[in-house]
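Open the model in your viewer and keep the selection tool ready.

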Amino acid sequence: MGISNTFDVDYFRNLFPYFRSAAKTICLDGVGGTQVPDTVIEAISDYFANKNGNKGGIFPRSVKTDVLMDQTREIIAEFINVKDPNEVILGNSFTNLTFNMSRAMAKTWKPGDEVIVSRLDHDANVSPWVAAAEDAGATVRHFDIDEVTCQLTEENLRKILSDKTKIVAFCAASSSVGTRPDVKRLAQVAKEAGALVYVDAVAYAPHARIDAQEWGVDFIGCSTYKFFGPHLSFLWGKRELLESLPAYKIRPAPNTLPLKWLNGAQTYELAAGAKAAIEYIAHVGEKNSAFRSQFPQFTGRQLDIHAGMAAIEAHEEQLTWKFIDEMKKRPQYAMWGITEKELAGQRVPTIAVSRDGEQSTDMAKYLAEKGIDIWSRSVYSISLSERLGLENTGGFIRVGFIHYNTNEEVDTLLKALDDYKPASRPTVVRGASVTAPTKEA
Ligand SMILES: Cc1ncc(COP(=O)(O)O)c(C=O)c1O
């Protein structure tokens, strides 16, 4: 994508206070959460300074809060391309929203029903469904990955799908190895069998456009702290499902959407920040207007949001493949998941890197000392670590590029990895204790 060369990363970095600070480090920890621009901080502060009041009242601050909540749902609806903002439920985390929804859904299941969870997913999209299945006496089936690509394939889904399947829960992108399943195709297959489709887009949302209509799924969950906003999440679901499913709610809570699904007062100040985060993405689109032509179906702010995400994706793709191609020249390191460029569209810029005999925590500590912030291990994608046999080994570091990362930062990381001096220490491999050989970099 030639257009990506015009991405002015310095301009965008300058909108983030962290990157202007003297203490700045190289942020490759984006998979755990991103930095936020000034406008997000200002929106949260403005809410407290000028609007702070509980919703539903007739006095001005309360009315402003109601308006803010409506506007936040509207911009989220544009971000994921759905028509009805009242299908958007805000909550404090994806995990929490998924526990809520799975418990409600379990009330409609019976013994003999089946629930599918994936080996690729973060546990936030696994354990809630397993617990709900247990409550209902339903059976859990595991959607396996392709071992080489760490991809969720249609073939593997078909092996476990049946007319007993009530729901298929899987991710739009892995937060460990970056694999990006074909959501649209998997959803088609699941729906042909009559199952509902619940997509965890938490690790996907910072990197590419979400289009709920194109995906054809029933639910999409996201967390705004992963895409330049505050620690807040949302769950979108189809109106007929949100209306018919039996929500756990208190008696005074109305049965109308979205109130039926909101448990108590909302974090209005964070909603202000979430709205500002998506406005920031629209600003990325404004500044990269060449991408607008890809989306004739959109106009106005929604067009800018989707153009912004397309510009982000193009810039990140270039960083990703520069890093992967360079890493291929360093056989002392292994990368997990998709590393072939022809499959570029099947990954986001989250790259799992391991080194034989090395603890990823040691590697991350070494990198932190060099001013490179990075996550090690992947304790929350526990099914995947188990499946890849990484639970008892050193695990991997997770290089998470975000659009504010630069080519120079990729070079700095490569140089640091080249300079890494491996430790020689006992390493536990699949339950057995062995001594890792010392290797020089
Ligand atoms: C893919 C994925 N799903 C779910 C979660 C959990 O999100 P939350 O912290 O909003 O519960 C994470 C957090 O890292 C994640 O990466």
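How many disulfides does the structure hold? It holds zero, a disulfide being a pair of cysteine sulfur atoms within 2.5 Å. This is a predicted model, where local features need pLDDT of at least 70, side-chain atom pairs count only at pLDDT 80 or more, and totals for chains, interfaces and linings use all residues. Residues are numbered from 1 along each chain as its sequence is written, and side-chain values use heavy atoms, with hydrogens and water left out.

**Cysteines**

Select Cys171. Its closest cysteine sulfur is in Cys150, 11 Å away, too far for a bond. Cys171 is buried at 1% relative accessibility (buried: under 20% relative accessible area, 1.4 Å probe, protein chains only). Go on to Cys222. This residue is in no disulfide either; the sulfur of Cys171 is the nearest, at 12 Å. Cys222 is buried too, at 0% relative accessibility.

**Ligand**

Next, show the polar contacts (pairs of N or O atoms within 3.5 Å).

- Thr95, at 2.5 Å
- Lys226, at 2.6 Å
- Ser223, with a polar side-chain atom at 2.7 Å

Taken alone, the ligand exposes 390 Å², and the protein buries 88% of that (Shrake-Rupley method, 1.4 Å probe).

Definitions and conventions. A polar contact is a pair of N or O atoms within 3.5 Å; within protein, one must be able to donate a hydrogen and the other to accept it, and residues adjacent in sequence count only if both atoms are side-chain atoms. Buried means under 20% relative accessible area, exposed over 50%, partly exposed in between (1.4 Å probe, protein chains only).
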